Structure formats: structure tokens, C-alpha cells
Amino acid sequence: MNTDKDLHFIHAYNRNITFVKGEEVYLWDDTGKKYLDMGAGIAVSALGYSNETYKQGLKDQIDQLIHVSNLYYTEPSIRASEYLSAATGLDRVFFTNSGAEAIEGALKLARKYAYNKRKDSKGEIIAMNHSFHGRTMGALSVTGTAHYREPFEPLIGGVSFAEYNDLESVKALVTDDTCAVLLETLQGEGGIYPAAEEFIRGLRTLCDEKDIALIFDEIQCGMGRTGKMFAYQHYGIKPDIVTSAKALGCGVPVGAFAASERFADAMVPGDHGTTYGGNPLATAAVCKVFEIYEQDKILEHVNQIAPYLFEKLLALQKKYPAMISDVRGKGLILGIEVTGSNAQIVAKGLEKGLILIAAGSNVVRIVPPLVIEKTHVDECMKILDEIFAYFCSKWK
Ligand SMILES: *Cc1c(COP(=O)(O)O)cnc(C)c1O
């Protein structure tokens with residue numbers, strides 16, 4: 001559809017609601033209708049809406065200094081680098097404006113490391129089928145969905161795709177020119193698939209043996225969503241490079257990649273840069289986010305509330321076994337795999353004032369603000385029950 005509102009937009013999105021206000025885990029549209037938000041701006045607004053401490057932090061920074069270039073240090077960027085380094089367990093950080101740019105930087109870093117070892121390295125990258133890493137040319141090149149890539153080819157070369165959770169399929173693609181193995185620690189857009197322990201540990205061993213950069217994309221599953229600050233912390237290993245964005249700024253556009261010293265030091269001044277990336281306003285937001293996570297014990301809260309939500313979703317599956325083929329995920333990144341149209345469920349949700357997001361071809365994704373309470377879960381489940389009851393006869 002091409003509504004009047006779309007007149008001066010490139011029609012890259014199908015949308016029809018105009019939001020004007022947010023409060024806690026609720027949004028309001030321009031007609032005054034209220035929505036329970038189980039999508040959090042695609043896993044961004046982890047603190048919900050209108051958090052007073054967060055807003056005050058931003059206001060203070062606006063009064064102080066909004067932007068200077070990366071030719072200079074700023075206090076918020078230094079503090080944010082310390083926070084993110086501590087949270088990831090990795091030595092050095094580079095701030096970007098988005099997730100896709102964090103992926104671009106991570107890939108450049110892996111290639112530079114390989115180049116430093118051998119100038120004629122082909123810089124091959126192994127990514128995963130059904131992965132999602134963003135829409136810029138480099139990030140698109142490693143995104144494992146052919147129909148996203150094909151209209152924009154030729155993309156960057158040297159990329160091959162393995163099967164997620166299949167270590168042998170990765171091993172089969174490794175050559176002397178492999179510089180990076182890239183994967184989401186939990187696949188988000190592809191349909192909410194957590195990584196198997198043997199897969200993650202096997203990749204760590206493989207990459208260590210071959211001196212390949214193991215890159216985890218935690219843009220969606222990181223920042224506490226799975227119940228640990230970063231999802232790889234469930235597996236007792238660390239990547240060489242990790243990407244973050246989405247909830248890193250909780251609404252202010254900011255991303256980052258962090259790396260161990262060994263890889264990070266491959267980059268020298270002149271290799272990479274950004275005008276805005278990590279500017280004082282963006283990194284003041286990052287600092288506030290980390291501060292609030294600590295003060296409000298966000299991780300503990302996720303670990304408390306997530307099992308309650310999961311249990312309710314399992315009960316829903318029990319009630320509608322012909323419609324729900326699987327419920328999976330970790331913490332507050334959950335997927336309901338349905339036997340009918342996931343888009344229909346999402347649309348019906350909006351009609352009933354519940355925001356859900358589609359993932360893959362048949363999954364309804366639940367990535368709420370991490371601050372949801374049991375009452376919100378109950379409210380969500382009541383509406384979900386109504387939705388499945390509505391489609392129950394229609395899907396037969
Ligand atoms: C959203 C997302 C990206 C891209 O982030 P943008 O900020 O939209 O560029 C990359 N990887 C994953 C896993 C994501 O979920």
C-alpha cells in the first residue's frame with residue numbers, strides 16, 4: 001500500500017501506525033490507542049520508554065556537549081569504552097552508529113589481521129545460512145538469506161555459508177585463506193535459533209587452531225537479553241571480536257565492535273574511521289545504559305521474569321498444538337513457531353494493541369523491554385490466547 005504518509009519516503013517499509021508517545025512498556029499512536037510492546041523497537045528499548053535516569057543523562061549531555069569528531073577524546077566515550085570492555089571481557093572497543101557498521105568494522109579488522117600475517121591472504125569469511133547481519137554492502141554479503149542479497153550483487157567476495165549448529169559444515173569450508181567465522185550467538189531474524197554448546201565450543205577450538213577470528217554478532221541477543229550480558233557468556237568462552245548495537249544505546253543510535261588485543265592491534269590509525277561513531281551524546285547513552293543495568297539489576301530481573309514467560313508460552317503451545325509447532329529461545333528473546341502465517345498473527349496483535357515481530361518465515365518473535373513485569377506477561381498472554389483462538393478455525 002502507498003498511503004499519503006509514504007509520499008516522500010522511499011517505500012522500503014510497509015507500515016501504517018504512527019507512534020507518538022512511550023511510557024514503561026507501552027506505546028501510544030496518534031489516535032490515542034495504547035499498545036503493549038513486546039518488540040521493544042526490535043530489541044532496542046531494553047529499558048522500556050521514558051526511563052527518568054536515562055532521559056536525564058541524555059539531557060545533561062546535551063547541555064554539556066553533543067558532538068566533537070573522533071580527532072579528539074571525550075569523557076563519555078572513554079567511560080563507555082571501559083564499560084563495554086569490562087562487559088565483553090575484550091580489550092578494545094570501536095564505536096559505530098549502527099549494527100551494520102559494527103559488522104563492517106569487525107570484518108575489516110579480521111581481514112587486516114590476516115593481511116598483516118600474509119599480504120596475499122584472500123580474506124575469506126565463513127558465515128551462516130539464515131543469518132542476519134545488516135543491510136550495508138559488507139553486512140549484506142555475510143547475510144545468509146539469498147533473496148536479501150541477490151538484487152544487490154556483486155557484493156564483497158570471499159564469503160561462503162555454512163549450516164548453523166553444524167560444526168562439520170564449517171570445517172568443510174575452512175581454507176588457508178579463511179580469516180573469519182561469523183555468526184550470531186543466537187540467530188534472531190532467521191527465526192530465533194540458539195547455538196548448541198558443542199557448536200560454539202567446537203568453533204572456538206577450530207578458530208584457535210587455525211588462527212581465524214571468531215566473530216559473534218550480539219547486536220540483537222547481547223546486552224542482557226539472554227540473561228547474561230552477552231550470550232556467549234553462557235558457553236564459558238569468548239570470541240575474538242564481538243559486535244553490539246540495538247540495546248547498547250537503548251534508543252540512541254549507537255553500535256560497537258570489541259576485540260581482544262591480539263586482533264584489535266591489527267588496526268592502526270588510518271585503517272578505519274567514522275565521523276559520528278561514539279560521539280559524546282551516543283556514548284553518554286551507553287554509559288547511562290550500563291549504569292542503569294547495574295543499579296536496577298536488569299540481568300537478575302531477566303532471569304526472574306523469563307522463565308515465567310517461557311512457561312506461559314509452553315502452556316499456550318499445549319492449548320494450540322496444531323498451531324504452534326515450537327517455542328524456543330533464551331531469556332527474553334523468544335520465538336513461537338507457527339503452522340500458519342506469522343504475519344497474520346503480528347497484524348492481529350497490532351489490531352488488539354499488542355506489538356509482536358515476525359522472524360524467519362514462520363516465527364513470531366518476542367523481544368520485550370527487559371523491564372517487563374509479570375502483569376505485562378499476563379496481559380500479553382491473554383491477547384495471544386485470543387489471537388490463536390481467532391485463527392484456530394481459520395487455519396484448518
Ligand atoms: C539488527 C541486526 C543487525 C543490523 O543492525 P542495524 O543497526 O540495523 O544496522 C545486525 N545483526 C543482527 C544480529 C541484528 O539483529
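Predicted model: local features only at pLDDT ≥ 70, side-chain atom pairs only at ≥ 80, totals over all residues.
Helix 10 covers residues 280-295, and its axis comes within 8 Å of the axis of helix 3, which covers residues 75-88. The two axes cross at roughly 45°. An angle under 35 degrees would count as roughly parallel, so helix 3 and helix 10 are described as oblique to each other instead. As for handedness, helix 3 passes helix 10 in a left-handed crossing. On the helix 3 side, the contact is built from P76, S77, R79, A80, Y83, L84 and A87. Facing them from helix 10 are P280, T283, A284, V286, C287, F290 and E291. Sorted by class, the residues of this contact come out as 10 nonpolar, 2 polar and 2 charged.

Helix 10 also packs with helix 2, which runs over residues 52-64. Here the axes lie 9 Å apart and the angle is about 150°. Angles over 145 degrees count as roughly antiparallel, and that is why helix 2 and helix 10 get that label. Their crossing is right-handed.

Helix 12, residues 342-351, packs with helix 13, residues 374-394, at an angle of about 130° and with the axes 10 Å apart. That angle makes helix 12 oblique to helix 13, and the crossing is right-handed. Q344, I345, K348 and G349 of helix 12 make the contact with I387, F388, Y390 and F391 of helix 13. In terms of class, that gives 5 nonpolar, 2 polar and 1 charged residues.

The structure holds 1 cavity of 30 Å³ or more, and the largest cavity has about 30 Å³ of space in it. Its lining is made up of T185, L186, P194, A195, T226, A231, H234, Y235 and K330. Of these lining residues, 5 are nonpolar, 3 are polar and 1 is charged.

The second largest pocket has a volume of about 940 Å³. A total of 33 residues line this pocket, and N70, Y73, V93, F94 and F95 are the ones nearest its centre. Which elements give two or more residues to the lining? They are helix 3, strand 4 (92-96) and strand 12 (255-259). Strand 4 gives the most, with 4 residues. The lining as a whole divides into 17 nonpolar, 12 polar and 4 charged residues.

Technical notes. Residues numbered from 1 in each chain as written. Heavy atoms only, no water. Axes fitted to C-alpha atoms, helices over the stretch in contact; angles between N-to-C directions. Parallel < 35°, antiparallel > 145°, perpendicular 65-115°, else oblique. Left-handed = near helix turned anticlockwise from the far one by under 90°. Contact = heavy atoms within 4.5 Å. Nonpolar A, V, L, I, M, F, W, Y, C, P; charged D, E, K, R; others polar. 1 Å grid on protein atoms, 1.4 Å probe; cavity = no way out; pocket = protein on both sides within 12 Å on 5 of 7 lines; lining within 4 Å. Points joined across faces, edges and corners; volume = space filled by probe spheres on them.
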